[in-house]
Amino acid sequence: DLSLAQVSQRLQQQDGTAVKAHKIADYLSQARLTHYVGSPYRQEALPTVEVPDPCFSRYAAQLLSVSALERLGLYEAAPHLSVDGEQALYGPVVRCHTVLFALSSGKSRLSQVGELVEDEFARLLGEERYPQRSDLQGWLDRIVARDQAQAQEGLPPQERMVGHFVRQSHQLLARTAPAGAGRSIYVDLHTIALHTAKPVPKAKHGMRQRIVKALVKVRTISANPPGRPLAFSLEPGDSSLHDQLDAAVELTSLATGEPVEMVGMDRGGLSQDALKRFETKEIGLAVWADDTPTMRRQLAQLQREAFAEGEYETVRGPSGRKGRRLKNRLADVPDMAINAGGYRCRTVVVEDVKTGHRVGIHIVGPPARSWSARSILAFLRGKQWVEEQFKQEIRWGVDKFCGGEVLPGLQRERPEAEEVEKLQEKAR
């Protein structure tokens with residue numbers, strides 16, 4: 001059993017957390033654990049077979065991902081993040097392992113790394129100890145400092161250490177993808193909120209429904225095989241999908257060495273300029289139509305005779321037997337005016353059988369001249385893979401799993417008046 005002073009001392013040794021004994025006592029009191037006593041039958045419930053201590057680690061299952069990390073090129077890219085000498089206690093591979101394995105072990109913040117069982121996690125890494133929060137933060141700070149120093153020397157971004165690492169990562173991701181993976185892609189962006197007092201560009205956060213200081217992650221994912229990541233970039237918060245679309249396509253082509261033939265994206269990247277550019281470049285572009293008065297009027301004018309059967313869904317009837325039911329109908333309009341300026345392009349209209357709601361899909365480029373309406377809808381349905389990737393990262397805590405020295409300029413800002421009102425309403 002540990003005394004309160006010993007608990008405080010151990011927390012300090014693990015990750016530098018300074019908590020006084022009376023604070024620990026208050027926590028135990030609120031959690032009703034002050035008089036907690038372990039079950040005397042615990043040892044009887046444990047397996048009788050003793051496992052040799054040097055061979056045991058509850059994190060051993062993480063080693064199953066090593067082969068996948070090797071195929072994805074982690075061990076070729078990680079050395080580019082080396083900012084310490086040969087005498088450093090930990091190398092970049094060990095630090096990358098710590099971050100990745102901590103994430104897959106359920107930790108969602110860098111500050112939680114110290115909560116891992118020290119000897120067992122270190123055994124997983126093949127070390128006597130593993131990097132703690134302060135070590136990882138210092139390593140990330142040195143990477144940023146090196147990159148800033150190279151920027152001041154006048155080196156272009158692609159020649160600096162971070163840029164070289166990112167470019168190498170793109171090439172390795174593309175190298176492990178099957179041939180042709182970069183020909184049909186999906187492009188989407190994800191807003192990562194930042195809590196800082198520094199002058200960082202702002203963006204509207206979709207889940208929070210308000211303007212926040214942010215970074216924007218732009219990602220391209222293969223449509224075939226579906227869900228295969230190909231390239232990524234981090235941009236200022238005021239960047240839009242429309243602004244980054246051409247750069248994302250070019251980045252994917254450079255990484256895979258293959259020309260992009262078809263691009264699918266959400267309505268956030270829709271614009272007449274983008275449709276014209278891609279049509280001129282002879283690159284296919286499919287995008288969901290925007291909800292504007294012009295489009296609502298055009299969709300409403302379509303007669304029922306213009307629609308044909310589209311997708312079917314599997315349903316179970318009252319008797320329990322499975323059957324197929326029509327899910328939507330499709331209308332293929334080869335030359336629809338899609339905005340007030342009269343710009344025209346091929347549009348596939350999807351009508352929900354149950355609700356009668358209609359939505360359009362605009363498409364330009366060579367696929368617009370050869371793909372069927374069903375093929376276009378099936379292709380754009382696959383864009384859900386990008387959104388699922390972002391959602392999975394949020395569940396893992398990737399948005400919050402970052403380091404850096406905690407400075408006064410990085411402290412959380414006070415909530416806005418509108419946010420305070422919402423919190424007060426929930427409290428009532």
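A: The expected span is 1.5 Å times one less than the number of residues, and helices (H or I, at least four residues) and strands (E, at least two) are DSSP runs numbered from the N terminus. The model is a predicted one, in which local features need pLDDT of at least 70 and side-chain atom pairs count only at pLDDT 80 or more, while totals for chains, interfaces and linings use all residues. Numbering starts from 1 along each chain as its sequence is written, and side-chain values use heavy atoms, with hydrogens and water left out.

Within H6, the buried residues are Pro92, Val94, Arg95, Cys96, His97, Thr98, Phe101, Ala102 and Leu103, where buried means under 20% relative accessible area, exposed over 50%, and partly exposed in between (1.4 Å probe, protein chains only). His97 has its place in this helix, which covers residues 92-104, and His97 counts as buried because its relative accessibility is 13%. Setting aside residues up to four places away in sequence, His97 touches Leu69, Leu74, Tyr75, Ala102 and Leu125, a contact being heavy atoms within 4.5 Å. After H6 comes Gly106, whose phi is positive, near 105 degrees.

The charged pairs can be taken next. The structure holds 20 salt bridges, each defined as a side-chain nitrogen of Lys or Arg within 4 Å of a carboxyl oxygen of Asp or Glu. In one of them the side chains of Glu120 and Arg58 meet, with an N to O distance of 2.6 Å. This pair links distant parts of the chain, since Glu120 is in helix H7 (residues 118-125) and Arg58 is in the loop between helix H3 (42-45) and helix H4 (66-72), 62 residues apart.

Another salt bridge joins Lys383 and Asp188, whose closest N and O atoms are 3.3 Å apart. Lys383 lies in the loop between helix H14 (373-381) and helix H15 (384-396) and Asp188 in strand S1 (residues 184-193), so this pair ties together parts that are 195 residues apart in sequence. Here Lys383 is buried, with a relative accessible area of 3%, and Asp188 also counts as buried, at 10% relative accessibility.

A further salt bridge is formed where the side chains of Glu282 and Arg369 meet, at 3.0 Å from N to O. Because Glu282 lies in the loop between helix H11 (272-281) and strand S6 (284-288) and Arg369 in helix H13 (residues 366-370), the pair ties together parts that are 87 residues apart in sequence. Glu282 is partly exposed, with a relative accessible area of 44%, and Arg369 counts as exposed, at 57% relative accessibility. Finally, salt bridges that share partners join Asp84, Arg95, Asp135 and Arg142 into one network, and with Arg95 the account returns to H6, where that residue is among the buried ones.
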